[in-house]
Amino acid sequence: MITVNFTGSVSETQRRAFEQAANRWDRIIDTSFAPVIVEDQTLNGINIDVSIEAIDGNQGILGQAGPTILRPDDELPIKGIMQFDLADILRLERNDSLKDVILHEMAHVLGFGTLWARMGFIIGSGGNNPQFIGTAATREFRTLGGNRLGNVPVANTGSFGTREGHWRELVFGDELLTGFLSGAERPISRMSIASFEDMGYLVDYTEADEFALPSFQQLAEKGITEAVRTCDLCRMNRPKPVVLNKKHNTQRSSIFMHS
Ligand SMILES: [Zn+2]
């Protein structure tokens, strides 16, 4: 089970958005792992510390989200954080994208894009065509009608955290887990769910939204281009996770990787 713990002032509407996101991901992935003890606390499932605080006003940094502590056995997250800049979150609420931004960022806490490199899922890193090679996601990509021989194209633009940490925008369009929040529906595809299976989660494919690969014309009609747009999701920093009880890994979550 995904548990969200709020600190500081988080409004009722904001709480609801985090809780709804947790419920959605709870239906998709099974996090009923054996309990572990972290800092004298027995933790079940995945625990996310949520806070909203003034960081640097509108724009600038949106916040940070990601796993902070990983389980010693399968290295899936036990704990994670989602911090948002107050000014930005009020704007996201006004333009009605808060719900999907939280759903998207929570996927990063669960490991989407944030644990791929360490799990060895990315090939072609740094080149024009980086791909995710997990077998389940690749199977779903091919079922969608993607390249019969290729793996899943991941973001090949953007800074660290965006690049190679999302599905590629110009292939997957409005899917929730591309690097840009585009379109109006933002479906969670079977392919996204499959990527969690590749990471080691038990998943429920019946929770997938309907999704088809968009044509170039559909991309154009939705105004999807990577060239000229503001990217809220690009402005999230990522914590650097540590594996529980792993002695030689002493880096703390306060050391951010630039996103
Ligand atoms: Zn993202």
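Aspartate 96 is found in the loop between H2 and H3. Helices (H or I, at least four residues) and strands (E, at least two) are DSSP runs, numbered from the N terminus. The model is predicted: local features need pLDDT of at least 70, side-chain atom pairs count only at pLDDT 80 or more, and totals for chains, interfaces and linings use all residues. Residue numbers start from 1 along each chain as its sequence is written.

Aspartate 96 takes a positive phi of about 65° although it is not a glycine. Most residues other than glycine have a negative phi. Aspartate 96 is exposed, with 9 other C-beta atoms within 10 Å. Here a residue is buried if 20 or more other C-beta atoms lie within 10 Å of its own, exposed if 12 or fewer, and partly exposed in between, with C-beta atoms placed from the backbone. Arginine 186 also has a positive phi, near 55°. Arginine 186 lies in the loop between helix H5 (169-172) and helix H6 (190-199). Arginine 186 is buried, with 21 other C-beta atoms within 10 Å.

The protein contains 7 helices and 14 strands. Of its 259 residues, 44% count as buried. Its C-alpha atoms fill a box of roughly 55 × 40 × 35 Å along the principal axes. Among contacts between residues at least 6 apart in sequence, 63% join residues at least 24 apart. Two residues are in contact if their C-beta atoms, placed from the backbone, lie within 7 Å.

Helix H2 (residues 86-94) has Asp88, Ile89 and Leu92 as its buried residues. They cover an arc of only 95° around the axis, which puts them on the same side of H2. The arc is that of the directions from the helix axis to the C-beta atoms. The cover over these residues includes helix H1 (12-28), strand E5 (46-53), strand E7 (77-85) and helix H3 (98-109).

H1 has 17 residues and spans 24 Å from its first C-alpha to its last, close to the expected 24 Å. The expected span is 1.5 Å times one less than the number of residues. In H1, Gln14, Ala17, Phe18, Ala21, Ala22, Trp25 and Ile28 are buried. Their arc is only 130° around the axis, which puts them on the same side of H1. The face turned away from that side carries the exposed residues Glu12, Thr13, Asn23 and Arg27.

In E7, 9 of the 9 residues are buried, so the strand is largely enclosed by the rest of the structure. Two strands pair if DSSP finds at least two bridges between them. E5 and E7 run parallel, joined by 7 bridges. Serine 51 stands opposite glutamine 83 in E7. Strand E6 (residues 63-70) pairs with E7 in the antiparallel sense over 7 bridges. Proline 67 stands opposite glycine 80 in E7. The hairpin of E6 and E7 has 6 residues between the strands, and glutamate 75 there takes a positive phi near 55°.

An open sheet of 3 strands has the order E8-E9-E10, with antiparallel pairing. Strand E8 (122-123) and strand E10 (152-153) stand at the edges, each with a single partner strand, so one side of each is left without a neighbour in the sheet. Strand E9 (residues 131-132) is joined to E10 by 2 bridges. Phenylalanine 132 has valine 152 in E10 as its bridge partner.
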